[in-house]
Structure formats: structure tokens, C-alpha cells
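Q: I would like to learn how to read a helix and a ring pair from a model. Can we work through them in turn?

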Amino acid sequence: NVSHWVAVSGGAYITCAFASHLVAAPPPGQDADVEDWYRGIVAKTICRMQKNVGYLVRDLKNGPFTQQADGSGTLPAIFD
């Protein structure tokens, strides 16, 4: 059990993203491998961050208010 979690600067960015995915995920089942469950959360966090980093390139290429195919907002991905 985690009772306290601290992160600063760039570490806070990834920590908040990871914590958000942890809160949103259903808890692992009784027979589930908890380490696999955590690895899945880490993978989702990394994939989401990789997708959102496109605001540096994608949105400039397509224009800052282009509707994305995945249904995300019309503002650049940094605002998701």
C-alpha cells in the first residue's frame, strides 16, 4: 500500500499521468498477477504520453484546431 508519493518537476508530470491511470483502472482480480496489472497501467500511461507529445509536431502540421480522428478535443493535445 502506498501512503505517500512525492515527485517534482518533470517527474511530477509522469507521476500525475500514472496516478490518473491507476485511479481510472479497475482493481486487479483476486487471481490476477498484480505485477502484470501494474505493467499494463505503465504501458497505457506511456502510450498516452507518446500520443500527446504530438502537440509539438502533429498539431503544427495539421493546424492547431484540427479535429482529431480519435475524438479528442480540437485544441492541441497538451490540453487533453
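Q: How many Å should helix α2 span, and why?

A: Helices are DSSP runs of H or I, at least four residues, numbered from the N terminus. The expected span is 1.5 Å times one less than the number of residues. For the 19 residues of α2 (residues 34–52) that gives 27 Å, and the end C-alpha atoms are 27 Å apart, which agrees. This is a predicted model, in which local features need pLDDT of at least 70 and side-chain atom pairs pLDDT 80 or more, while totals for chains, interfaces and linings use all residues. Residues are numbered from 1 along each chain as its sequence is written, and side-chain values use heavy atoms, without hydrogens and water.

Q: Which residues of α2 are buried?

A: Buried means under 20% relative accessible area, exposed over 50%, and partly exposed in between (1.4 Å probe, protein chains only). I41, T45 and N52 are buried in α2. Down the axis of α2, the buried residues fall within an arc of 35 degrees, taken from the directions from the axis to the C-beta atoms, so they line one face. The face turned away carries the exposed residues E35 and Q50.

Q: How is a pair of aromatic rings described?

A: By the distance of the centres and the angle of the planes. Rings of Phe, Tyr and Trp (its six-membered ring) pair if their centres lie within 6.5 Å; planes under 30 degrees apart count as stacked, over 60 as edge-to-face and the rest as tilted. The count here is two aromatic pairs. W5 and F18 are edge-to-face, 5.7 Å centre to centre with 65 degrees between the planes.

Terms used. Helix = DSSP H or I, 4+ residues; strand = E, 2+ residues; numbered from the N terminus.
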